[in-house]
Amino acid sequence: MNNPLVSVIIPNYNHARFLDERIQSVLNQTYQNFELIILDDKSTDNSVELINHYKDNPHVSCIVVNEENSGSTLKQWHKGFELAKGELIWIAESDDSCDKRFLEILVDGYIKNDAVLAFCKSCKYDVAGNRSVYTHQNTIHCDMVVTGRDFISHHMLDRTFVANASSAIFSRSVAMSIDRQYMSMRGNGDWLFWIELMEHGNVFFSAKELNFFRFHHTNTTRSLEYQGISAIEYKFIYDYVVNHYQISECEKRRVKFDYLYCFMQANYESHATRTKVLKVWDRYRVWRTYIFLSSIKEDIKLFLRNL
């Protein structure tokens with residue numbers, strides 16, 4: 001139990017230019033009790049060629065190259081869970097990197113705090129290498145351990161506190177036991193996955209910046225926003241949290257107001273899409289009316305100040 005096997009899953013699709021850095025960041029960990037499972041989702045670049053350079057490495061237990069693209073990173077996650085032999089899972093996304101102490105620190109935190117999930121603070125990098133901070137984590141300056149239910153209530157309503165999969169290790173048995181509805185989501189399934197995982201025990205968070213998260217605002221992300229899919233999935237998660245956890249009425253209103261205001265300003269593929277999103281979030285137009293009146297109030301204040 002003090003030295004559990006970690007199954008490291010690298011799901012890859014067309015990230016050949018980042019693969020060597022990613023794989024080396026795993027192999028160079030100070031904690032060495034891990035197996036490495038590499039999954040390629042029918043890449044069209046030279047990813048498979050690069051992956052095969054590592055096929056004889058003693059840590060590499062499995063390489064799977066899909067004959068057809070699965071269309072879902074979350075399906076690749078689950079394939080990795082089924083292949084894994086370890087007690088713990090780390091999904092090391094193929095375009096990210098990490099500190100060499102990542103596993104050492106998180107495995108230690110996981111064991112000492114009887115956790116189901118251990119994750120760390122993340123630094124964001126764009127494809128040009130420009131660094132920024134994952135702002136949602138700025139309020140936490142020291143390590144912490146809390147029950148998963150408390151963590152969800154305080155940190156998982158308005159966005160996911162877990163920057164991305166690369167920042168976390170978690171229990172394989174719990175991941176295999178949770179409802180698989182997260183796999184049907186197209187943009188926010190990871191957010192729901194973390195919530196359902198947290199429900200089963202303690203959460204450990206390391207305030208050390210150990211995960212280097214390469215952020216792409218992809219065409220897929222823009223398409224999901226344009227089609228209204230992201231907004232509708234946000235509402236599903238919002239409802240799940242407020243229906244299962246003790247959230248103050250003030251916090252519910254704040255989050256709903258913020259999201260609805262953003263979705264009212266967003267660009268969509270059609271008027272019908274906009275209408276669908278707004279109906280999902282505000283069926284009786286109460287909040288839209290409130291936002292409209294608040295906007296008029298601010299306009300009047302600005303006019304009077306400029307008289």
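## About the model

This is a predicted model, in which local features need pLDDT of at least 70 and side-chain atom pairs count only at pLDDT 80 or more, while totals for chains, interfaces and linings use all residues. Residues are numbered from 1 along each chain as its sequence is written, and side-chain values use heavy atoms, leaving out hydrogens and water.

## Helix α1

Helix α1 covers residues 16-27. From first C-alpha to last it reaches 17 Å, close to the 16 Å expected at 1.5 Å a residue (1.5 Å times one less than the number of residues).

## Helices α7 and α9

Helix α7 (residues 189-198) packs against helix α9 (residues 229-244) at an angle of about 15°, with axes 10 Å apart. That angle makes α7 roughly parallel to α9 (under 35 degrees).

In this contact (heavy atoms within 4.5 Å), α7 supplies W191, L192, I195 and E196, and α9 supplies Y234, F236, I237, Y240 and V241.

## Helices α9 and α10

The axes of α9 and helix α10 (residues 249-265) come within 12 Å and cross at roughly 175°. The two helices are therefore roughly antiparallel (over 145 degrees).

From α9, the contact uses A231, Y234, Y238 and V242. From α10, it uses K252, V255, K256, Y259 and F263.

How values were computed: Helices (H or I, at least four residues) and strands (E, at least two) are DSSP runs, numbered from the N terminus. Axes are lines fitted to C-alpha atoms, for helices over the stretch in contact, and angles run from 0 to 180 degrees between N-to-C directions. Angles under 35 degrees count as roughly parallel, over 145 as roughly antiparallel, 65 to 115 as roughly perpendicular and the rest as oblique.
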